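Colleague: I am new to this structure and would like to learn how to read its features one at a time. Could we look at it together?

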Amino acid sequence: MKRILTLAVIYIASMFLGMVVFATLFMFSCNLTSFVTGVESSFFSVHFFMTGLFLSVPLVCILVHLLFVFYQIRHPQKQILSLVVYVVLGALSWLVVIPADLKLISRYESDTISSRVEASSAGVFRKEESGVYYYSRITEDGRADGIFFDTTGYLGKEGVVVPLYDVSVKNESAFPYSDILIKNSLQPSKLVTYPLAVYNSLLTSALYSSSLGFLAWLAFASMGLALLSAYGLQFGSSWKLANVSFVICTAIVILFVNFLYYMNVMPDIFKEIAVKLSELTGAKDPLIILINLIFTALFTVFGVFMGLYRFGSSNSETEE
């Protein structure tokens with residue numbers, strides 16, 4: 001009973017902490033897209049925070065189950081009981097928590113996309129691709145007076161200074177931010193943006209599958225089954241750090257394979273197989289279901305075999 005309570009507390013606490021952390025980061029990110037230098041901005045946004053909270057649930061569920069496996073690697077007691085708790089929490093996450101969360105996301109996400117504002121502020125030099133803009137006055141309707149410094153030869157001659165009178169403020173190059181100064185200072189590297197793009201693509205696919213009904217969601221949730229089966233990799237080596245590495249790498253591979261499928265980035269032969277399987281079975285996305293089931297079977301069989309082997313080896317050493 002104590003083991004069950006410990007694992008349940010770890011699950012709930014990790015979910016809560018992870019959601020709050022990611023929601024806070026998301027809120028700050030949205031605030032930055034609407035922030036303009038020299039213009040007062042609010043620090044905390046309930047709308048952005050709640051949106052980030054809902055958007056983070058699928059990711060946090062995946063990370064928490066990985067954390068569960070890491071905890072088992074570190075504390076490998078009562079494997080059967082721990083496995084039962086893991087399976088129950090996994091089913092709860094992918095059949096109840098995530099589908100319910102996806103329904104909430106659509107209510108908050110649409111307004112968040114438009115967090116960027118078409119505005120600027122006076123008294124600041126802003127370097128654009130074509131040169132440097134300095135607005136001395138900006139009216140409420142978005143018209144401005146100022147000076148443009150041609151630093152690239154955009155107007156035919158480099159170094160030309162052009163006065164601006166009653167022109168529209170240009171900040172298209174700042175996209176997705178509202179201010180080019182914020183973009184130039186804080187734009188993250190691809191090491192951050194690419195994983196986020198992968199997650200966003202999978203989340204979009206999850207929303208679409210969920211909207212088609214329970215069976216379509218089960219097809220997508222086969223990815224969750226494959227991720228949960230990584231539990232068996234904790235028995236791969238007597239070196240705990242190696243087992244952690246196996247689990248992390250496997251989770252990344254599963255997510256990336258599913259990302260490639262849902263983005264239709266596959267060799268033509270796989271596309272042909274997908275079409276034929278759809279015609280034969282009448283199911284939605286049968287190929288990715290098959291791939292995820294193969295992952296699940298391999299990792300489950302490996303886990304059972306290696307778990308029995310480790311258990312037998314430990315018993316032999318104890319008898320000796």
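Predicted model: local features only at pLDDT ≥ 70, side-chain atom pairs only at ≥ 80, totals over all residues.

Modeller: Residues are numbered from 1 along each chain as its sequence is written, and side-chain values use heavy atoms, with hydrogens and water left out.

Colleague: How many helices and strands does the protein have, and in what order do the elements run?

Modeller: Helices (H or I, at least four residues) and strands (E, at least two) are DSSP runs, numbered from the N terminus. Here there are nine helices and four strands, and from the N terminus on the elements run α-α-α-β-β-β-β-α-α-α-α-α-α.

Colleague: What share of the residues counts as buried, and what share of the contacts joins residues 24 or more positions apart?

Modeller: Buried means under 20% relative accessible area, exposed means over 50%, and partly exposed lies in between, with a 1.4 Å probe and protein chains only. Of the 320 residues of the protein, 38% count as buried. Contact means heavy atoms within 4.5 Å, and among the contacts with a separation of 6 or more, 65% are between residues 24 or more positions apart.

Colleague: At what angle do H6 and H7 pack, and how far apart are their axes?

Modeller: An axis is a line fitted to C-alpha atoms, for helices over the stretch in contact, and the angle runs from 0 to 180 degrees between N-to-C directions. Angles under 35 degrees count as roughly parallel, over 145 as roughly antiparallel, 65 to 115 as roughly perpendicular and the rest as oblique. Helix H6 (residues 214-228) and helix H7 (residues 240-262) pack at about 165°, with their axes 9 Å apart, and H6 and H7 are therefore roughly antiparallel to each other. On the H6 side the contact is made by Ala219, Phe220, Met223, Ala226 and Leu227, and on the H7 side by Ala251, Ile254, Leu255, Asn258 and Tyr262.

Colleague: Which classes of residue make up the contact of H6 with H7?

Modeller: Ala, Val, Leu, Ile, Met, Phe, Trp, Tyr, Cys and Pro count as nonpolar, Asp, Glu, Lys and Arg as charged, and the others, Gly among them, as polar. By these classes, the contact of H6 with H7 has nine nonpolar residues, one polar residue and no charged ones.

Colleague: At what angle do H2 and H7 pack?

Modeller: Helix H2 (residues 46-74) packs with H7 at an angle of about 160°, the axes being 10 Å apart, and H2 and H7 are therefore roughly antiparallel to each other. From H2, Ile62, Leu66, Val69, Phe70, Ile73 and Arg74 meet Lys240, Asn243, Val244, Val247, Ile248, Ala251 and Leu255 in H7. By class, this contact of H2 with H7 has ten nonpolar, one polar and two charged residues.

Colleague: Which residues of the largest nonpolar core touch the most other members?

Modeller: A nonpolar core is a set of buried Ala, Val, Leu, Ile, Met, Phe, Trp, Tyr and Cys residues joined through side-chain atoms within 4.5 Å. In the largest one, which has 54 residues, Trp94 and Trp217 touch the most other members. Helices H1 (2-34), H2, H3 (79-112), H5 (190-211), H6, H7 and H9 (286-319) each supply at least two residues of this core, and H2 gives the most, with 14 residues.

Colleague: Is Ser209 buried or exposed?

Modeller: Ser209, which lies in helix H5, is buried, with a relative accessible area of 2%. Leaving aside residues up to four places away in sequence, Ser209 touches Ala216, Trp217, Phe220 and Lys284.

Colleague: Where is Asn264, and what is its phi?

Modeller: Asn264 is in the loop between H7 and helix H8 (268-281), and its phi is near 60°, a positive value in a residue other than glycine. At 46% relative accessibility, Asn264 counts as partly exposed.
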